[in-house]
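User: Hello! I am new to this structure and would like to learn how to read its features. Could you take me through a few of them?

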Amino acid sequence: MFEKALQGSRKYWALVCFLAALAGLGFILLLWQLKVGLKITGMSRDVSWGFYIAQFTYLVGVAAGGVMVALPCYFHNYKVFGRITVLGEFLAVAAIVMCLLFIIIDLGKPMRCLNVLLHPTPNSILFWDMVVLNVYLLLNLIVGWMALESERYEVPPPKWVKFLAYFSVVWAPCIHIVTAFIYSGLPGRHFWLTAIMAPRFLASAFAAGPSFIVLFCLIIRKFTKFDPGKQAIQTLGKIITYTIIINFCFFLFEVFTTFYSQIPEHMNHFKYLFVGLKGHAKLVPWMWVSLIGMFIVCILLAIPAIRRNEGSLAFCCVLVIITTWIDKGLGLVTGGFVPNPLEEITEYWPTVPEALITLGVWATGFLVLTILYKVAISINEELGE
Amino acid sequence: MRINRRKFLKIASISVLGFGVKPTIDLFAGHEAKAKIKKSPKALRAKRWAMVIDLRKMNEEIAKKCIEACHLFHNVPHIPDKKREIKWIWTEPFEHAFPGQSHEFLGTELIEKPVLVLCNNCDNPPCVQVCPTKATFKREDGIVMMDMHRCIGCRFCMAACPYGSRSFNWMDPRPYIEKENPEYPTREKGVVEKCDFCAERLDKGLMPLCVEASEGAIIFGDLEDPESEVRRVLRERYSIQRKPELGTGPSIFYLI
C-alpha cells in the first residue's frame with residue numbers, strides 16, 4: 001500500500017518538499033543544540049521545562065482526540081464514522097511521533113534515553129508515559145493500516161485487529177491521564193497540584209483532536225475525490241461543542257478553588273498568567289486571548305446554525321486549536337514554574353532556535369501525516385471509482 | 001541457513017521485546033546485582049545524616065566561606081548568567097528560604113539574615129520518586145545521591161524538588177571552572193547535579209566541607225542517634241525546616 005505515497009500530483013510533492021525542508025532546518029539546528037547543549041533554549045534553572053515539553057503535552061491531547069472518532073465507530077457501531085476512523089488513527093500516529101521527538105530533543109543526554117528501558121523505574125511517571133505512548137503508537141499504526149488494507153481488498157479485517165481496535169480505544173485516555181500525572185503529583189508546584197488536571201487534559205484533548213480531524217476532512221474533500229461525509233463532520237462538531245464547554249468549565253472550577261480558598265501559593269501562578277506578578281507579565285496577553293477565545297467559541301458552537309455551517313464550523317475549529325494550544329502549549333508548563341518554589345520570578349520565552357526546532361518537529365509530524373493520509377485517501381478514491 | 005522475511009521479523013521482534021523485558025523481569029525478580037564494596041574502616045557512619053544550621057552564628061562571611069569551600073572542591077562552575085548558574089549551596093533571604101514561615105512583621109535581624117540553603121537530602125525525596133532511570137537514589141544513610149553518568153537530563157527531578165536545590169548543565173561547565181580540582185570529577189553538559197552531603201568525604205572519615213568551614217555554625221551528625229550532637233541541639237533549641245508541610249522530611253534544620 002505504501003506505493004500510494006510515492007505517486008502523487010505536483011501539489012502533493014510540493015507539500016512534501018516544503019515540510020521536509022522545514023524538518024531539515026529544524027534538524028540542522030538540533031545538531032547545533034546537541035553540540036552546545038540546551039543553553040540555546042530559553043529554559044533556565046527556574047523554568048526547567050519549556051516549549052518542547054509544552055508541545056508534547058499539547059500533542060498528546062491531539063493524539064488522544066482521535067479516539068473520539070474510533071469510540072463511536074467501534075463501541076456503538078456508529079457507521080457514519082467508518083470512513084474517517086482511519087483519519088483519526090493516522091492523526092494519532094503523527095501526533096505521537098511528534099510527542100516522542102519532543103521528549104527526546106528535550107533531554108540533556110538524548111543518547112542515553114535507552115536508560116529508561118535498561119533501568120525501568122515503575123515509581124517514575126515518565127517510565128509509564130514512555131510505555132503508554134509507544135503502545136498507543138503501535139496500536140494506531142497497526143489498526144489503521146490493517147483496517148485500510150482490508151478495506152482496499154474488500155474483506156473484513158481479521159479478528160485480532162478488531163480486538164486491538166477496542167483495546168486502543170480503552171488505551172487512548174491513558175496516554176492523557178498519565179501525561180497529566182507527570183505534572184499533578186509534584187509537591188511544591190501548586191499550579192499543577194490539582195486532581196482536576198487529568199480531566200482538564202482529557203476535555204481539551206477531546207476538543208482539540210476532533211477539531212484537527214474536522215479541518216482535515218474539509219481540506220480532503222476540497223482537494224481530493226474522497227468525501228469523508230457531511231454527517232461525520234457534523235457529529236464531530238457536536239463532540240467539539242460539548243468537550244470545549246466542559247474544558248472551559250473545568251478551568252472555572254480551578255479558578256474558584258484557588259481564589260475562594262485565598263491560599264497565596266495557589267493564587268500566585270494564576271495571577272502571574274492572567275494579571276502579572278510583581279511586574280512580570282509576559283504571558284498575560286496570550287492567556288487572555290486563550291480565555292476569551294475559548295469563551296467565544298463555546299458560545300458560537302452552542303448555536304446550531306453556526307455549527308451546521310461548515311465555513312463557520314471550520315473557523316470555530318481553528319479557534320479551538322489556537323486557544324487550547326495557548327493553554328497547554330504555552331501557559332500550563334511555564335505557569336507551573338513561575339513563580340519558583342522560593343517565590344522568585346524568572347520568566348521564560350522560547351528563543352528563535354528553540355522555536356525553529358519546534359517548528360521542525362511539527363513539520364516532521366505533518367510530513368508523517370501527509371504520507372499516511374495520502375495512502376488512505378488514494379485507497380478511498382480507488383474504492384469510490 | 002536461509003531466513004525468510006516472516007522468520008526474520010519474528011526473530012527481530014522477539015529480540016527487540018527481550019531488550020525491554022529482561023531488565024523488567026530482573027526488576028520484579030528483585031535480584032539486581034549489588035556491588036559488594038567494603039567501606040573503609042575510617043568511614044563515618046550514620047543511620048540518617050542530618051545537618052543543623054545555627055542562624056544565630058551564621059553570617060555573610062561564614063556563609064561565603066562555606067560556599068567557596070564546597071564549590072571549589074566540587075568543581076562547581078562559576079557561570080555569570082543567573083538563569084544558567086550551577087549552585088550546590090548558596091544563600092537566600094529568609095522570606096525566600098522559608099516562604100510559608102515568613103511574614104511582613106519579622107524583626108530586621110531575621111529579614112536581613114542570609115540563610116544558607118542546599119539540598120535537604122530528604123527522608124522522603126520527591127526527586128528519587130520521579131527519576132526514570134534511578135540516576136537519583138537514596139543511600140541507606142539517607143543521603144540522596146546523583147549518578148551523573150546515568151542521568152538522561154530529563155529534569156523531572158528539578159520539577160519535583162520543592163526547594164530548587166538542583167542545577168542543570170545547560171552547557172559545558174568546564175570553561176567556567178576557574179581552578180580545577182583533580183580530586184573531584186567535572187561534569188558534562190546535559191546532566192543534573194546537586195549537593196550530596198560530601199558523601200565521598202564521609203567515606204574517608206571527613207566531615208562535609210561546609211561543616212568544616214562554618215566555624216561551628218553548622219552541626220552534622222546522625223539524626224537517629226539520640227546521643228548525637230544534632231539531636232542534642234534539636235532538643236535544646238527551637239528549630240525549623242524548609243516546607244515541612246510537604247512531607248518530604250528535610251534532613252536540614254535551622255536554629256533561630
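Analyst: Gladly! Between chain A and chain B an area of about 4100 Å² is buried, and carbon and sulfur atoms give 57% of it. Buried area is the accessible area (1.4 Å probe) that two parts lose on being put together, summed over both. This is a predicted model, where local features need pLDDT of at least 70, side-chain atom pairs count only at pLDDT 80 or more, and totals for chains, interfaces and linings use all residues. Residues are numbered from 1 along each chain as its sequence is written, chains are lettered from A and ligands numbered from 1 in the order in which they are written, and side-chain values use heavy atoms, with hydrogens and water left out.

User: How many residues does each chain bring to the contact?

Analyst: Contact means heavy atoms within 4.5 Å. Chain A brings 45 residues and chain B brings 52 residues.

User: How many salt bridges does the rule find across the interface of chain A and chain B?

Analyst: A salt bridge is a side-chain nitrogen of Lys or Arg within 4 Å of a carboxyl oxygen of Asp or Glu. The rule finds three across this interface.

User: How do I read two packed helices?

Analyst: Two packed helices are described by the angle between their axes and the distance between the axes. Helices (H or I, at least four residues) are DSSP runs, numbered from the N terminus. Axes are lines fitted to C-alpha atoms over the stretch in contact, and angles run from 0 to 180 degrees between N-to-C directions. In chain A, α2 (residues 51-65) and α3 (residues 67-75) pack at about 20°, their axes 5 Å apart. Angles under 35 degrees count as roughly parallel, so α2(A) and α3(A) are roughly parallel to each other. Here A:A63, A:A64 and A:G65 of α2(A) meet A:V67, A:M68 and A:V69 of α3(A).

User: At what angle do α7 and α8 of chain A pack?

Analyst: Helix α7 (residues 159-184) and helix α8 (residues 197-223) of chain A pack at about 135°, with axes 8 Å apart.

Methods:
Helices (H or I, at least four residues) and strands (E, at least two) are DSSP runs, numbered from the N terminus. Angles under 35 degrees count as roughly parallel, over 145 as roughly antiparallel, 65 to 115 as roughly perpendicular and the rest as oblique.
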